[in-house]
Amino acid sequence: MNWRGSMGGKLPYLLLIPAFALIVAISLAPSTYSIYLSFTKYNININRHPVWFGLGQYIYMFTQDGFAYQTFAVTLEWVAIVIGLNYSFGLGIAKLLNQQGLKGKTFFRVGFMASFAAPITGVWPIWARILTPSGGLLNTYLEQLGLMDYRHPITWLNTYPLLSVAIIGLWSGFAFGAIVLLAQLQSIPREEYESARLDAAGRWSTFRNIEWPHLMPLNVVLWMLGIISALNTFNIIYVITGGGPGFASTTLYLYAFRNLTSGDYAYTAAISVVLFLMELVVAAFYIKYVWLRKA
Amino acid sequence: MKQKTQQRLSHAITYIILTLVLFWVIFPIFYLVSASFMSQADQRLVVPIILPRHIDLSGWIFLINNLGVLQPLENSLAIASITTIIVVCTTILSGYSLARFEFRGKSAAFNLLLLTQFVPSVANLLTLYLFFSEIHLIDTWGALIIIYSTGGVVLGSLLFSGFFNGLPRNIEESAMVDGTSRLGGFLRVVLPLARPGIIVVAVFTWINCWGEIQVSTLFTTTLAARTLPVVLNQLQTPYGTLSFSAQFALGVILAIPPLILFLIFQKYFKPTVATGFKG
């Protein structure tokens with residue numbers, strides 16, 4: 001049976017048409033038009049149709065708009081916190097679950113997926129409740145433990161907006177990384193551990209010399225996907241702080257969204273083009289890594 | 001002997017940590033359900049309680065009678081389900097094509113799928129918003145279904161092509177030797193075998209649509225097509241603290257169906273399948 005026999009046939013293309021028609025019409029074409037819009041002046045409160053503006057929006061963004069700088073800084077901070085928290089916690093859980101002879105792995109693995117499956121857009125009210133400064137569960141317990149004075153309650157979402165949202169994000173997302181990392185750890189051949197044991201290697205050196213090299217290809221994928229999804233985060237910040245207080249948790253993505261809802265379409269487009277370029281840089285690093293490994 | 005004790009100790013510590021983490025995972029969901037049955041008085045206690053002093057349905061009743069959630073509930077269910085059907089039907093074909101054939105432009109097709117992952121959705125939504133306003137598609141199920149389907153098609157194509165790659169070819173080949181056409185082979189032999197793949201794509205798509213908030217916020221201005229996450233998000237301002245329990249009750253309605261779906265089908269979600277998922 002020759003599978004390449006159908007190389008010239010129409011069937012593979014016919015099968016692709018429904019899916020790719022949607023992608024081209026509803027994703028690719030609109031995004032391309034948005035790139036054009038970024039070179040125009042188009043604010044619904046001022047003009048009804050886009051007018052050519054060259055690099056005007058970008059010049060404004062980089063030289064005059066203080067909020068753009070602030071949201072850029074917030075974005076970098078957000079990416080760093082999210083990747084740091086999610087990866088290290090996920091790896092920790094994976095390591096714990098990977099111990100030999102540990103029973104109940106499946107139980108924990110399935111249990112951990114609960115917060116991953118429950119949509120944050122439904123669960124957020126209870127987190128807002130837990131973090132309420134006065135009368136919230138967290139501060140009440142902190143006070144009972146003597147860690148906080150009730151006259152000066154910690155206003156979590158105002159004082160530490162990014163960190164609070166990131167920890168809720170960890171709750172709703174860590175299971176994914178943990179389970180994928182666990183699968184990768186489990187794929188390491190037993191003999192490699194055995195030889196490490198014969199060399200009387202300690203836990204740390206086993207991790208560094210055997211496990212880490214095995215994890216590395218997956219790490220790169222996880223980090224890349226993590227950075228991309230952190231740059232594109234919308235749901236969790238939007239429902240928990242809405243980007244506030246002020247601009248304290250407004251990332252570039254939310255800043256673009258804010259401009260979209262306020263009607264400055266050209267500026268929305270310019271911000272999203274900058275975001276797109278940042279994501280391409282990440283993708284380039286990834287491709288370079290994959291290419292270097294193959295070479 | 002010493003090693004055995006050491007292992008036992010390390011297992012004990014592991015169990016303690018894992019149990020604490022599991023508690024942290026489950027507790028908010030449990031608390032959400034429990035708090036939806038609290039009375040107004042329970043909600044306003046200075047020292048918060050975890051279980052209601054008595055089961056109080058006023059939040060649920062207020063939610064259903066006063067907040068008009070039945071239309072959004074219908075919207076959410078219909079939009080997520082129609083999208084799921086569209087995505088499964090289109091991507092089982094595209095995934096099969098990408099996995100089973102060699103043809104010109106195949107790697108271009110894959111690159112296109114990857115490229116869409118690097119485009120921030122807001123760039124895409126901007127133009128769609130302008131266009132859909134122009135053709136009066138705002139406030140319709142159609143607008144949301146089209147956009148959700150496109151997102152689902154990318155993920156679905158990748159998941160299905162991975163799935164078919166893992167499915168041995170000789171089954172289809174023997175069917176074709178028996179004289180079945182390629183299309184006949186697909187329908188009679190491949191489709192039944194694709195059940196696990198269909199379940200994974202369907203569950204992922206449905207859960208993603210069910211919890212989606214950005215598109216629904218942008219493309220709806222009335223309850224005609226608005227979905228539940230947006231309703232929940234907009235509850236806080238006009239009703240304030242009056243309806244804490246109602247807010248939690250709506251949270252329960254949103255959180256529970258994905259949990260049930262996931263529990264029923266969890267054996268199909270293997271880590272290899274998950275890597276195609278955009279976090």
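Of the 279 residues of chain B, 43% count as buried, where buried is taken as 20 or more other C-beta atoms, placed from the backbone, within 10 Å of a residue's own, exposed as 12 or fewer, and partly exposed as anything in between. Please keep in mind that this is a predicted model, in which local features need pLDDT of at least 70 and side-chain atom pairs count only at pLDDT 80 or more, while totals for chains, interfaces and linings use all residues. Residues are numbered from 1 along each chain as its sequence is written, with chains lettered from A and ligands numbered from 1 in the order in which they are written.

Staying with chain B, its secondary structure comes to 14 helices and 0 strands, helices being DSSP runs of H or I with at least four residues and strands runs of E with at least two, numbered from the N terminus. Among the contacts in chain B between residues at least 6 apart in sequence, 75% join residues at least 24 apart, a contact being a pair whose C-beta atoms, placed from the backbone, lie within 7 Å.

Let me turn to one helix pair. The axes of helix H10 (residues 195-211) of chain B and helix H13 (residues 244-265) of chain B come within 10 Å and cross at roughly 170 degrees, with axes fitted to C-alpha atoms over the stretch in contact and angles running from 0 to 180 degrees between N-to-C directions. H10(B) and H13(B) are therefore roughly antiparallel, the word used for angles over 145 degrees. H10(B) contributes residues including Trp206(B) and Trp210(B), and H13(B) residues including Pro257(B) and Pro258(B). By class, this contact has 10 nonpolar, 1 polar and no charged residues, where Ala, Val, Leu, Ile, Met, Phe, Trp, Tyr, Cys and Pro count as nonpolar, Asp, Glu, Lys and Arg as charged, and the others, Gly among them, as polar.

Between the chains, the contact takes 76 residues from chain B and 78 residues from chain A. On the side of chain B that touches chain A, helix H1 (residues 2-35) of chain B gives the most, with 16 residues, and that side divides into 47 nonpolar, 24 polar and 5 charged residues.

Finally, confidence in chain A: its mean pLDDT, the predictor's confidence in each residue from 0 to 100, is 90, and 97% of its residues reach 70 or more. Over residues 4-8 of chain A, however, the pLDDT is below 50. Where pLDDT is low, the predicted coordinates should not be read in detail.

Terms used: Contact = placed C-beta atoms within 7 Å. Parallel < 35°, antiparallel > 145°, perpendicular 65-115°, else oblique.
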